[in-house]
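Please open the structure in your viewer and keep the selection tool at hand. The tour goes from one selection to the next and says what is there.

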Amino acid sequence: MPRTEYRTEETAPAGGRLHDFRFRAMNTTVYLRLRASDGQAAKAKAAAADWFRFVEQRFSRFRPDSELCRLNRAEGRPMMVSDTMLEVLELAAHYGRVTGGTFSPFVLDALARSGYDVSYEQLRERSGEAGAHEDSRNAAAAPRTADAAPSCSPISALRLDLGMKAATLPPGGALDLGGIVKSWAVERFADYLRRRLDIAAGLIKAGGDLTTWGSPGEQEHWSIGIEHPWEPDGNWGTLRLDGDYRAAATSSVLGRSWSSPTGETRHHLIDPATMRASRSDVAQCTVTGMAATECEVWAKVICIVGWAEGTFRLRLAGSDCEALAFTRDGRTRLSRAAGPAREERWQEAAAAEIPLTRFEHSNIRRNSP
Amino acid sequence: MTRDKWFKWKIAMAGTAGMAFLFHVIKTSPDYEAAVSQNAAVPAAETAEESQDPVWQEWLSGVETAQPEAEIGGESAQRRGRGEPGFDTGGQGWQGSDGDAADSRTWDASGDAARTGRS
């Protein structure tokens, strides 16, 4: 990889030089790229491990001693919760209302019913999948199973007493906050690095959710590659992150998918309307905006309800977010709500760089319901 | 008796002068100056805001309770934290480079670290 002028202190720009870190947390890989001094970077590295461990202990649905699991066990009865839990619950309730209920944290039972009752790594081992991509292309077309699914509790059933710092779940309404916690953790930790450690610029990414601040170098902007859904080793193009578009999130039915004992392919995006894996026309969606949490929520909503309905709801909510989606018919869609800088922000790679294989698109069409 | 008192006064004066000299040395040292300027750089309003952030309070108080002697967010906090993380087997294996990052313009589009996809 090319080396840069940031290697030595003599040529380092104001604010320090670039540092890269990565580690495993919350069943995904967390990346940090920071423009900081060596001392700031060392502190940030240690704090990152501790922060994500803290978040995991609060919100993991796989740890019986997590606060989330305790809250789920108390369903129907009020329970005192931490300020951290309260903040995420408020956020989930807010987005539940804004998206008309398509974003719902009450999908834990549906996930467990579909087989996602252990961590994804264990799930892959159980289902015997080594390379999930080939199988998972059909995930969006997963057939419905015969057994009846329970209905999803409305978001209004989540009762929060902010004065008492208490939460009450509806009977049978177990929470899974995995749909928002990663982006929230990224956003919150970026805030900590910026304000507490005074780090001038950085990019933090957990799974497909990321946020940025500052600029990576003098008169530069952050720019990220967007993974191509049909070419996992290639990028569709790049997304420029600056101004009011500093965060991004990608949701996909192709990533976290697995095989049921009957050989049926399933994925983790549950449609609250059916309490089953979504079956929309969107295979992958990337949303960019100011807040990583908002981006993650809308990326999921568009994947769940489909391109037309999802972008309609995005506009209806008055959101400034922009969306890019790959539909199962092989098309790429960009939302109309984007401003005049849209063409500069979303840069599709030249065709020669991204080999779009027609055969694969044909496969997707054949497997569509 | 009078001589004893005078001797005590002399010890006290010498001690006071010694302390004053020590404070003077510390106060004129570059390290002290650096620490003062670093603290002054944090706006008072922001510090107050941070201290009122309940999430940070819960997080950081957990660290302090777990390892009172550890610097918050320090290496020791990472090693002796709240027990084994429940993320993945193998815990948190760090990879990366300190101050050795590739140019952002090339890293962005090609490096896996800066790709978004499949969450």
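**A tour of rings and helices**

Begin by selecting Arg345(A) and Tyr245(A): Arg345(A) lies over the face of Tyr245(A), at 3.8 Å from the ring centre, where a charge sits over a ring if NZ of Lys or CZ of Arg is within 6 Å of the ring centre and within 35 degrees of the ring normal. This is a predicted model, in which local features need pLDDT of at least 70 and side-chain atom pairs count only at pLDDT 80 or more, while totals for chains, interfaces and linings use all residues. Residues are numbered from 1 along each chain as its sequence is written, chains are lettered from A and ligands numbered from 1 in the order in which they are written, and side-chain values use heavy atoms, with hydrogens and water left out.

Next, select Trp51(A) and Trp59(B), an aromatic pair that is edge-to-face, at 5.1 Å centre to centre and 70 degrees between the planes. Rings of Phe, Tyr and Trp (its six-membered ring) pair if their centres lie within 6.5 Å, and planes under 30 degrees apart count as stacked, over 60 as edge-to-face and the rest as tilted. Because Trp51(A) lies in helix α1 of chain A and Trp59(B) in helix α4 (residues 54-66) of chain B, the pair joins two chains; helices are DSSP runs (H or I, at least four residues), numbered from the N terminus.

Then move to Phe59(A) and Trp184(A), whose ring centres are 5.8 Å apart with planes at 70 degrees, so this pair is edge-to-face. Phe59(A) lies in helix α1 of chain A and Trp184(A) in helix α7 (residues 181-195) of chain A, so the pair ties together parts that are 125 residues apart in sequence.
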